[in-house]
Amino acid sequence: MDYDAHIDAALAKLHQEGRYRTFIDIARDRGHFPHATWHRADGTTQPITVWCGNDYLGMGQHPAVLSAMHEALDAVGAGSGGTRNISGTTIYHKRLEAELADLHRKEAALLFTSAYIANDATLSTLQRLFPGLIIYSDELNHASMIEGIRRGGGPKRIWRHNDVGHLRQLLEADDPAAPKLIAFESVYSMDGDFGPIAAVCDLAREFGALTYLDEVHAVGMYGPRGGGVAERDGLLDRIDIVNGTLGKAFGVVGGYIAANARMVDAIRSYAPGFIFTTSLPPVAAAGAAASVAHLKTDSALRERHQTQARILKTRLKGLGLPIIDHGSHIVPLIVGDPVHTKLISDMLLERHGIYVQPINFPTVPRGTERLRFTPSPVHGPREMDALVRALDALWSHCALNRAEMAG
């Protein structure tokens, strides 16, 4: 086999379909987020404003977070030195797990190197812990949940997105005595819509199923203490396992689950993705713990975040742009074509210093390609005005260009 030729063909296909992913080399400017410097391939630089970052609240530059990280770095150095059970558990890891358990009103929490690994490791392990476990998965669940369920190797049912009627049909069709788990999300990151948590919990109680809720795009941002949509809706006690991230609203890195102590102990003891992975650096755990603790009391920051999202959606609607608005903080602008999505993204960057990555298939279905904006409390009126003006100019230009190409 000509391996190089096969690789070239695979990459050429992505280029032809307009789906080739381009990495933009940026250096965020601490103290001035969302501003950053774009380091071009030719060695030149350009100031830009980041509009697609997941540091939703700007906590990656918060003084409390940076101070905790400096303190930990000076105290214990860079790395953790091993896996959690071989020298890699420190006071910083335990402190962070305690903060997370308290955040979700659970008995315990367990850290992973990312929320992807947390989902994958936990869901695949659950099917070994409960032989015959049937997992009911929302069709738009994150890739990490899909992979974990697949690797578990047990029976699965896919229910239509947010369709609790379909979920009920699937539950009714299975053996009432079989162990069951319903896996879904609180905020779906591509459209920004909310999962029907209360209705799912009602079905779980009726059919004796466990609930597994991914709150990755909600922790830190919803609820009185940042415990996510389940906390906002008063449903924390009805969720058996919560998955969350430390790399978005909390501004650092890592992922976790929170559940009762027995469940956490079982995952800790059986999940290869936890057992055989070097633990988070203490400096990261220290910063994340400080961030979680701070956001439990900073509801004003959450309110500013929601306000900025509402303002941006209102202004883009005023231009007649096709955005999706489900009431969350995520602002998807549907372009519907991979080539034009990439064109608008490139023009925003080159001409206006605005950085927003195109989102194409397979992340979203073909024909729904989009730009996804993530406004934050650190995007002020100046940044908002610049984005709206740029989109107003470029949208009509690209629409004309697209019409000419079709003709």
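Modeller: First a definition: accessible areas come from the Shrake-Rupley method with a 1.4 Å probe, and for residues only the protein chains shown count as cover. With that method, the accessible surface of the protein comes to about 17,800 Å².

Colleague: What share of that surface belongs to carbon and sulfur atoms?

Modeller: Carbon and sulfur atoms hold 55% of the surface. Before going on, note that this is a predicted model, where local features need pLDDT of at least 70, side-chain atom pairs count only at pLDDT 80 or more, and totals for chains, interfaces and linings use all residues. Residues are numbered from 1 along each chain as its sequence is written, and side-chain values use heavy atoms, with hydrogens and water left out.

Colleague: OK. How many helices and strands are there?

Modeller: The protein has 14 helices and 14 strands. Both are DSSP runs numbered from the N terminus: helices are H or I with at least four residues, strands are E with at least two.

Colleague: Why call it as compact as a globular protein of that length?

Modeller: Its radius of gyration is 22 Å, close to the 22 Å that the globule rule gives for 407 residues, so the protein is as compact as a globular protein of that length. The radius is taken over C-alpha atoms, and the rule is 2.2 Å times the number of residues to the power 0.38. Along the principal axes, the C-alpha trace spans about 60 × 55 × 55 Å.

Colleague: And what percentage of the residues is buried?

Modeller: Of the 407 residues, 53% are buried. Buried means under 20% relative accessible area, exposed means over 50%, and partly exposed is in between (1.4 Å probe, protein chains only).

Colleague: What about contacts between residues at least 6 apart in sequence?

Modeller: Among those contacts, 71% join residues at least 24 apart. A contact here means heavy atoms within 4.5 Å.

Colleague: Let's pick a helix. Where is α3 and how many residues does it have?

Modeller: Helix α3 covers residues 91-103, which is 13 residues. From first C-alpha to last it reaches 18 Å, close to the 18 Å expected at 1.5 Å a residue. That expected span is 1.5 Å times one less than the number of residues.

Colleague: Which residues of α3 are buried?

Modeller: They are Tyr92, His93, Leu96, Glu97, Leu100, Ala101 and Leu103. These buried residues pack against α2 (63-76), β4 (108-112), β10 (255-259) and α11 (282-295).

Colleague: What comes just after α3?

Modeller: Arg105 follows, with a positive phi of about 55°. Arg105 is in the loop between α3 and β4. Its relative accessible area is 53%, so Arg105 counts as exposed.

Colleague: Where does Asn162 sit, and what is its phi?

Modeller: Asn162 has phi near 60°, a positive value in a residue other than glycine. Its loop runs between β6 (156-159) and α6 (164-173). Asn162 is partly exposed, at 22% relative accessible area.

Colleague: New topic: peptide bonds. Which form does the one from Phe361 to Pro362 take, cis or trans?

Modeller: That bond is cis, with omega near 10°. Pro362 is in the loop between β13 (358-359) and β14 (370-373), and at 55% relative accessibility it counts as exposed.

Colleague: What does Pro362 touch?

Modeller: Not counting residues up to four places away in sequence, Pro362 touches Arg19 and Arg21. Pro362 and Arg19 are 343 residues apart along the chain, with their C-alpha atoms separated by 9.1 Å.

Colleague: And the bond from Phe33 to Pro34?

Modeller: The bond from Phe33 to Pro34 is cis, with omega near 10°. Pro34 is in the loop between β1 (26-28) and β2 (35-39).
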